Amino acid sequence: MEAKTSEEVKLSEEGIMSPWRLAWRRLKRDKLAMLGLYILAFMVLISVIGPLLSPYTMEEMDLSNIQSPPSFKHPLGTDEVGRDEMTRLFYAGRISLSVGLFAVVISTVIGSALGGIAGYYGGFVDTLIMRIVDIFMSFPFLPLLITIAAVMSDWKVPPQYRMFVVMLLIGVLSWPSLTRIVRGQILSLREQEFMQAAEALGIRDKSKIFRHLLPNTYASIIVSATLGLGGAILTESSLSFLGLGVTPPTPSWGQMIQVARDVYTLQTQPWLWVPPGICIFLTVMAINLFGDGLRDALDPRLNR
Amino acid sequence: MRQYITRRLIQMIPILIGVSILLFCILQMAPGDILSANVNPHMTAEIKQELRHQMHLDQPAYVQYFYWMKGVVKGDFGDSYYFKQPVTTVIKTYIWNSFILSLVSFILSVIISIPIGVVSATRQYSKFDYFFTVVALIGISIPAFYFGLLLIKWFAVDLHAFPVSGMSTPGTNLRGIGAAGDTLYHMFLPCLVLTLGSVAELMRYTRSSMLEVIKQDYIKTARAKGLKEKVVIYKHALRNAMIPVVTIFGMWLPSLFSGAILTESIFNWPGIGPIELLAVNNRDYPLLMGINLILALLTLLGNLLADITYALIDPRIRLK
């Protein structure tokens, strides 16, 4: 009897909780996911407020003190024109994180909208969109990205705007997989009774797709966007490392590692290229930890 | 089955045409052409005009596309500007180096990751499982080029244990086993980078697929029959768990040829990756088009192969 009442209390308690609060509660219990969240918050924090606290600026050169190893004044040393490496690392964090974030926003918006439209209308529209997805997905991602990035470098975009080009590029190329996921879910949601109700109420197509169908796929969209953020940050770093992404003087983590292509720097000045790599690694790992936790928390089949 | 394959092959044609149009449009967006940059300064405007005419560069874009496609259908991708050789010859020269490197790391990662994935799943939440979950997490989170640079620093530059770059020791003229040994020696570090990445991915797939299968009723039945745990896991569970993993193999097929651009270029491995970067940096558009189109074709074939294998090993799936 006693056990049954506690069960009932638990049930009624969960009954009034929204699915999102339930997921958050599950997420909070996942230690690894929370660790990921804390690391990520820390990386964002140092990128946002780090430059404000630093006594140096990003461009400030000190030619009397070039390529110096880490010291009390310069905790991560200085580069070939005497700029403080730690300050540049913070600024690079701003660039890398915001490029990743906006690329994911772009690809998520395109991916879910097209997935919703393809799944809802079916027929010709569906075929057209899915063939475009097939075309995009039959390219190996990095070779295509490099090809387009090379063409775009010829447009003579000023360096300070290059990061927007990179955001757009990564965002516009990475939507197809999300489109497939969303379309698949919309196809089955479309046949459910609430959609008949929506039909009977005479709701417009636009609001049927974006207000009634898509919100039901938010769980997978969020998980895909979270894990996509890690991918976008890695992609940006590879592209910038190859000199086809964010270009100097704007720093990004991947671009800061570029100096290590020179064997002398690689061997003797590890403070120039090891820290940015660690930053990429920690950020992406944190995102993956959090994303995995989020996927488990949002999956109603798992009840731990 | 044959009908299915034929239909899929026919379906590939419009996709490939779409791919080629997309590629062509991308390269059309580049300002200028090959003759407006890096050519002999002594070339007069008339000769340039003559050359443009010969290369059909004075024609509208869609006409150029048809000229190019006419060649492609016959297997002629034009001449590379940089190598001054047919694109197909250039690709043939380098693609096998990529293939060897990728194949070795692919085989290694299958051998390593599947047993680990299976054991992690059967002992979920054990120390073994946690340890390899962490390894997999590191593997998918570390940028390949950064890991490569760290390895070069530690093993090649500091310890002199392995060569920094290349595929063979310069100045030596080894044959037979000696040459193979030398290649393996050069292959070690790039292979390590590639293997870590793919082991991480494959291990996660195997583990989660295995966890899914172990919960199934037929596994309970197998245990209830009194079968040995080994037989249950390695015969009944593993076979079913491998089905989704096989699709990953198909997806990896194109990457065996496309090589890992970053890893290859860091280690100066003479594969298709550095060639692609060379083509990018020299704006060698015929070569770039050729490489991308061939990679797209391989991707489509890989997907088809994955679907066929899928049906062959899982009788529940009927190809229609």
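Two residues are in contact here if their C-beta atoms, placed from the backbone, lie within 7 Å. By that criterion, A:Val166 touches A:Val99, A:Glu236, A:Leu239, A:Gly245 and A:Val246, with residues up to four places away in sequence left out of the count. The model is a predicted one, and the contacts described below are computed from it.

A:Val166 also belongs to the largest nonpolar core, which has 120 residues. Together with A:Ile146, A:Ala149 and B:Leu149, A:Val166 is among the residues that touch the most other members of this core. Helix 4 of chain A, residues 85-121, supplies the largest share of the core, 14 residues. There is a second, separate core of ten residues, including B:Val118, B:Val213, B:Val232 and B:Ala237. As general background, nonpolar side chains tend to be buried together in soluble globular proteins.

The next topic is the contact between the chains. Chain A contributes 33 residues and chain B contributes 36 residues. On the side of chain A that touches chain B, two or more residues come from each of helix 5 (123-137), helix 6 (141-153), helix 11 (218-241), helix 13 (263-268) and helix 14 (270-298). Of these, helix 6 of chain A gives the most, with eight residues. Sorted by class, the chain A side consists of 23 nonpolar, seven polar and three charged residues.

Chain B itself contains twelve helices and zero strands. Buried residues account for 34% of its 320 residues. Among the contacts in chain B between residues at least 6 apart in sequence, 72% join residues at least 24 apart.

One helix pair in chain B can be followed in detail. Two packed helices are described by the angle between their axes and the distance between the axes. Helix 6 of chain B (residues 144-158) packs against helix 7 of chain B (residues 177-214) at an angle of about 140 degrees, and the axes are 10 Å apart. Because of that angle, helix 6 of chain B is oblique to helix 7 of chain B. The crossing of helix 6 of chain B past helix 7 of chain B is right-handed.

Which residues make the contact between these helices? From helix 6 of chain B they are B:Ala144, B:Phe147, B:Gly148, B:Leu151, B:Ile152, B:Phe155 and B:Ala156. Helix 7 of chain B provides B:Leu189, B:Leu192, B:Val193, B:Leu196 and B:Gly197. By class, the contact between helix 6 and helix 7 of chain B has ten nonpolar residues, two polar residues and no charged residues.

Terms used:
Residues are numbered from 1 along each chain as its sequence is written. Chains are lettered from A and ligands numbered from 1 in the order in which they are written. This is a predicted model: local features need pLDDT of at least 70, side-chain atom pairs count only at pLDDT 80 or more; totals for chains, interfaces and linings use all residues. Helices (H or I, at least four residues) and strands (E, at least two) are DSSP runs, numbered from the N terminus. Ala, Val, Leu, Ile, Met, Phe, Trp, Tyr, Cys and Pro count as nonpolar, Asp, Glu, Lys and Arg as charged, and the others, Gly among them, as polar. A residue is buried if 20 or more other C-beta atoms lie within 10 Å of its own, exposed if 12 or fewer, and partly exposed in between; C-beta atoms are placed from the backbone. A nonpolar core is a set of buried Ala, Val, Leu, Ile, Met, Phe, Trp, Tyr and Cys residues joined through C-beta atoms within 7 Å. Axes are lines fitted to C-alpha atoms, for helices over the stretch in contact, and angles run from 0 to 180 degrees between N-to-C directions. Angles under 35 degrees count as roughly parallel, over 145 as roughly antiparallel, 65 to 115 as roughly perpendicular and the rest as oblique. A crossing is left-handed if the near helix is turned anticlockwise from the far one by less than a right angle, and right-handed if clockwise.
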